[in-house]
Amino acid sequence: MDELVDRPGQSLFELCARLTMRHGINSSRQAITQHLDVLQAAGLVRARRVGRSRLHWFDSSPLKAIAERWPNSTEERGTER
Amino acid sequence: MRIHLASVPVDDQQKALRFYTETLGFQIKHNIPLGEYAWITVVSEEAPEGMELVLEPDDHPAVRPYKRALVEDGIPITSFAVDDVEAEHERLKGRGVRFVQPPTDLGTVITAVFDDTCGNLVQIAEEKRQP
């Protein structure tokens, strides 16, 4: 997801290249596709066809929803001390 | 044994010849008419006696679905070596080439990917000098 933030709108090929070369993640393309499917089901990755290619974006809104629902957990931990 | 040919499946050989020579800058090595199609190969002017790239018709029924599937996932059909990806990116962009991946530093190599207008994506790669 860091890589999708670095450059939004990546193909599977570009994402796999970045994961391999920058993070040493040598998972197969199929495995990365499965990860992307899970992230898409969670709403954290969105995929859209652009021209003839399918590109992927990171979507932080589900994380924001979590922060909104449980906003003060850090502060409260602070006051407990 | 040596590798002397590599082929790229193209949807239109004459259009491909223009793109690979006029736009990319390769030189024609062979252009032999063979009825409906032609045997067309190009070489790099940096290595005119080196590897030849065949601009091959993509009319076999298996080839177009294969090409479409590669493009869908952003996978280049082949890769060319360049000394400076950034400079090539600027030069080709100036010639109207559409890049689907801008120059990206991948540690030991810098790559970029463009559309060859003949149904393929093509990568250019610069191997970084080891310090």
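A residue counts as buried if 20 or more other C-beta atoms lie within 10 Å of its own, as exposed if 12 or fewer do, and as partly exposed in between, with C-beta atoms placed from the backbone. The model is predicted, and local features need pLDDT of at least 70, side-chain atom pairs count only at pLDDT 80 or more, and totals for chains, interfaces and linings use all residues. Residues are numbered from 1 along each chain as its sequence is written, while chains are lettered from A and ligands numbered from 1 in the order in which they are written.

**Stop 1: chain A**

Select chain A and show the cartoon. There are 5 helices and 2 strands; helices (H or I, at least four residues) and strands (E, at least two) are DSSP runs, numbered from the N terminus. The order in chain A, from the N terminus on, is α-α-α-β-β-α-α. Of the 81 residues in chain A, 16% are buried.

**Stop 2: chain B as a whole**

Now select chain B. It holds 3 helices and 8 strands, in the order β-α-β-β-β-α-β-α-β-β-β from the N terminus on. The radius of gyration of chain B, taken over C-alpha atoms, is 15 Å, close to the 14 Å that the globule rule (2.2 Å times the number of residues to the power 0.38) gives for 131 residues, so chain B is as compact as a globular protein of that length. The C-alpha trace of chain B spans about 50 × 35 × 35 Å along its principal axes. Buried residues are 30% of the 131 in chain B.

**Stop 3: helix H1 of chain B**

Select residues 13-23 of chain B, which form helix H1. Show side chains for Ala16(B), Phe19(B) and Tyr20(B), which are buried. Look down the axis of H1(B): the buried residues fall within an arc of 85° (an arc of the directions from the helix axis to the C-beta atoms), so they line one face of the helix. Gln14(B) and Glu22(B), on the other side of H1(B), are exposed.

Just after H1(B), pick Gly25(B), which has a positive phi of about 100°.

**Stop 4: where the chains meet**

Show both chains. In chain B, 10 residues are in contact with 11 residues of chain A, contact meaning that two C-beta atoms, placed from the backbone, lie within 7 Å. On the chain B side, helix H2 (63-72) and strand E6 (99-105) are the elements that give two or more residues. H2(B) gives the most, with 3 residues.
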